[in-house]
Amino acid sequence: MKPLFHILLLFLFGIFFGCRSEEGRKEVAQLPEGKEIPVKYASGLSITDYGSYRIITVKDPWPNADRSFKYLLAEENAEIPEGLEYDQKIKIPVQKIVVTSTTHIPSLEILNKEETLVGFPGLDYISSEDTRKLIAEGKIKELGKNEALNTESLLSLQPDVIVAFSIDGSNKSLNIVEKSGIPVVFNSDWTESSPLGKAEWIKFFGALYGKMETANTFFEQIEKEYLEAKELAKTAEERPTVVAGAMYKDQWYLPAGDSWQAIFLKDTNSEYLFADSEGTGSLSLSVESVLAQAAEADFWIGPAQFQSYEEMRSASPHYTRFSAFQEKQVFTFSSEKGKTGGVIFYELAPIRPDLVLKDLISILHPSLLPEYQTTFYKPLQ
């Protein structure tokens, strides 16, 4: 009986593995090779083009995320291979969209797709005049807050997609929306620390709208302007010292050494006094430690929401102990606002790092850009 049993066992194994092998060959044959869209700086984004459909992969949807997301963007009647795995399917080009961050607004406008925006949480935060005109015409609906979306209003809009962001992956209102059948996709431009990496997320929207060429052309121009400004800064004869941030409840918050803001200061060829610190977010330090290291800094860039020296003096006498305060060398990005109070810097700066860098160069090395008019940073009043 043993030989017969062995023969039967081998026969069954042959059938099993033969089927698995055939199935594997079939699946591989159905998945064509796509064309990778070049993404040079954005660490959390990749886009693969398969002709009538695309795959967007978002690798870092929020800090310390333990997963990535894969989104299928398919044209009408696109032939999608069997076995293709994805988290959400979106019909493209998108006709109706809800976005949840003001950083998404400039991308829509650059692609001439702002009229596809049908809803947004916190309309007053939007500063762009073009989009504010659409709001005034009642074409964009108020959706409450990102953390607690008005799901009833949102569902009534029936958008093709909701572009969301998440701090930690938990948002009950987004879960409700997903269960209704409306695709939710995460955009993590805000987690990028590279200035050009943030700006490169316009390609995310280029893929959604079938306007990759426009998105690529725009980004290439931003990259060119940024790199040219960075090279110009290298010609400066001196490297001024810089402090940043301000106090909140007796703690001083300022950019960590690998953060977006710190990279800008590095690229201006200045000496950010906390550049050696680790991290891509904020540092929380005592006032005494900041004073010890930066009391004599030449410039103070970005003192939180303060817009005048009197405001700072009233908030804390510690501020007056800094040379930059005494010499009136404090510059703020929070004074430039839209009609309803939104800070323009928060909306536009991530996609226009070239303008941010030129602003800072003109402040820190005025002889290099003597006629330049700043867009975001202005002297404290």
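Glutamate 231 comes out as partly exposed at 45% relative accessibility, where partly exposed sits between buried (under 20% relative accessible area) and exposed (over 50%), using a 1.4 Å probe and protein chains only. Keep in mind that this is a predicted model, in which local features need pLDDT of at least 70, side-chain atom pairs count only at pLDDT 80 or more, and totals for chains, interfaces and linings use all residues. Residues are numbered from 1 along each chain as its sequence is written, and side-chain values use heavy atoms, with hydrogens and water left out.

**Exercise 1.** Find the salt-bridge partner of glutamate 231 and say how accessible that partner is.

*Solution.* Start with the cut-off: a salt bridge needs a side-chain nitrogen of Lys or Arg within 4 Å of a carboxyl oxygen of Asp or Glu. Then check accessibility: lysine 234 is exposed, at 52%.

**Exercise 2.** Work out which parts of the chain the salt bridge between glutamate 223 and lysine 40 ties together.

*Solution.* First, the contact: the closest N and O atoms are 2.7 Å apart. Next, place the residues: glutamate 223 is in helix α8 (residues 212–233) and lysine 40 is in the loop between β1 (35–37) and β2 (45–49), so the pair ties together parts 183 residues apart in sequence. Helices (H or I, at least four residues) and strands (E, at least two) are DSSP runs, numbered from the N terminus. Last, accessibility: glutamate 223 is buried at 10%, while lysine 40 is exposed at 56%.
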